[in-house]
Every structure is written in structure tokens, then in C-alpha cells.
Amino acid sequence: GDGGACFLPRVIGQSRANEMAYTGEPVNAQKALEWGMVSSVVSQDELMTAANELASRIAVNPPMALRMTKKLIKESEHSSLDSLLEMSANLQALAHQTKDHAEAVDAIIEKRSPNFIGE
């Protein structure tokens, strides 16, 4: 009921998804990492530090571009390549009109870190 039958094979492959579904056996952290179900594994003591570090690396990027990227990745789950490429081109054209894009270009030219404001 949660879409796992659609999404899981796309993440870990049909054979592994079948194994998980048919056996009901749990997948440990190491196996989840090997299968691409998670991007990293850290100890419980390091969890919040690692999560905050990742959030900080994401947060320095332009907010509108991140939203567009998130939308494209979600759309890729059920769109054809042609449709996704068209949407990508449209969103890129929109992104190029933002103040954050101008800030990114200025920052590159001026050899400094950008300051994105989400506009």
C-alpha cells in the first residue's frame, strides 16, 4: 500500500526486491548500504552530527534550484526520459532567471562563496 512494489525494485533491483518481499528477512545497515538503499551508515553516537553536516552541505545551495532538483528526481520515478528532459530544460530556463543564479555567476567571477537568498 505504500508504493514499495514500485519503488524498491528501482532502488535495489528486481531480484533483491523479490528476496526482501518474499522472505521478509530484515536488511541490516551494511547490506542497505551495499544495495544502495542508504547513502551512508554511521554509528548511533555520530548520527546527529552526520545528519547536521549533510544538512549544512545542502543548505548552502540555492533553495529554488534545490526544490527544482527534488521535483526532477521525484518525477524521474514515473516519467519517460523525453518528458523528464523537457521538464529539466524548462526548470533550467526558470532557474537562470533567478537572483540566485546571478549571484552564483557573480561569485564565480569574483572568486568568492555565493550568498543565496532563495529568489
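**Salt bridges and helix packing**

Analyst: In this predicted model, a salt bridge joins Arg 112 to Glu 103, with the closest N and O atoms 2.6 Å apart.

User: Why is the pair of Arg 112 and Glu 103 called a salt bridge?

Analyst: The cut-off is a side-chain nitrogen of Lys or Arg within 4 Å of a carboxyl oxygen of Asp or Glu. The closest N and O atoms of Arg 112 and Glu 103 are 2.6 Å apart, and the pair therefore meets the limit of 4 Å. Through salt bridges that share partners, Glu 103, Glu 110 and Arg 112 are joined into one network.

User: What makes Glu 103 buried?

Analyst: Buried means under 20% relative accessible area. Glu 103 has 16%, so it counts as buried. Arg 112, with 34%, is partly exposed, because that value falls between the limits of 20% and 50%.

User: Which salt bridge links distant parts of the chain?

Analyst: The pair is Lys 99 and Glu 119, whose closest N and O atoms are 3.3 Å apart. Lys 99 lies in helix α7 (residues 99-109) and Glu 119 in the segment after α7, 20 residues apart.

User: How do you know whether Lys 99 and Glu 119 are exposed or partly exposed?

Analyst: Exposed means over 50% relative accessible area. Lys 99, at 54%, is therefore exposed. Glu 119 has 43% and so counts as partly exposed.

User: Why does the pair of Glu 75 and Lys 71 count as a salt bridge, and what is their separation in helix α5?

Analyst: The closest N and O atoms of Glu 75 and Lys 71 are 3.9 Å apart, and because the limit is 4 Å, the pair qualifies. Glu 75 and Lys 71 are four residues apart in helix α5, which means that about one helical turn separates them. Lys 71 has a relative accessible area of 42% and is partly exposed. The structure holds four salt bridges.

User: What makes helices α5 and α6 roughly antiparallel?

Analyst: The axes of α5 (residues 63-75) and α6 (residues 81-95) come within 11 Å and cross at roughly 175°. Angles over 145 degrees count as roughly antiparallel, so this description applies to α5 and α6. On the α5 side the contact is made by Met 68, Lys 71, Leu 72 and Glu 75. On the α6 side, the contact residues are Leu 84, Met 87, Ser 88, Leu 91, Leu 94 and Ala 95. By class, this contact of α5 with α6 comprises seven nonpolar, one polar and two charged residues.

User: How do you know that the buried residues of α7 lie on the same side of the helix?

Analyst: The buried residues of α7 are Asp 100, Glu 103 and Ala 107. They cover an arc of only 55° around the axis, and therefore they are on the same side of α7. These buried residues pack against α5. The face turned away from the buried side of α7 carries the exposed residues Ile 108 and Ile 109. After α7 comes Lys 111, whose phi is positive, near 55°.

User: Which residues are in contact with Met 20, leaving aside its neighbours within four places in sequence?

Analyst: Met 20, which lies in helix α2 (residues 14-23), is in contact with Leu 8, Ile 12, Glu 25, Val 27, Trp 35 and Met 37. Met 20 and Glu 34 are 14 residues apart in sequence and 14 Å apart in space, C-alpha to C-alpha.

How values were computed. Residues are numbered from 1 along each chain as its sequence is written. This is a predicted model: local features need pLDDT of at least 70, side-chain atom pairs count only at pLDDT 80 or more; totals for chains, interfaces and linings use all residues. Side-chain values use heavy atoms; hydrogens and water are left out. Axes are lines fitted to C-alpha atoms, for helices over the stretch in contact, and angles run from 0 to 180 degrees between N-to-C directions. Helices (H or I, at least four residues) and strands (E, at least two) are DSSP runs, numbered from the N terminus. Angles under 35 degrees count as roughly parallel, over 145 as roughly antiparallel, 65 to 115 as roughly perpendicular and the rest as oblique. Contact means heavy atoms within 4.5 Å. Ala, Val, Leu, Ile, Met, Phe, Trp, Tyr, Cys and Pro count as nonpolar, Asp, Glu, Lys and Arg as charged, and the others, Gly among them, as polar. Buried means under 20% relative accessible area, exposed over 50%, partly exposed in between (1.4 Å probe, protein chains only). The arc is that of the directions from the helix axis to the C-beta atoms.
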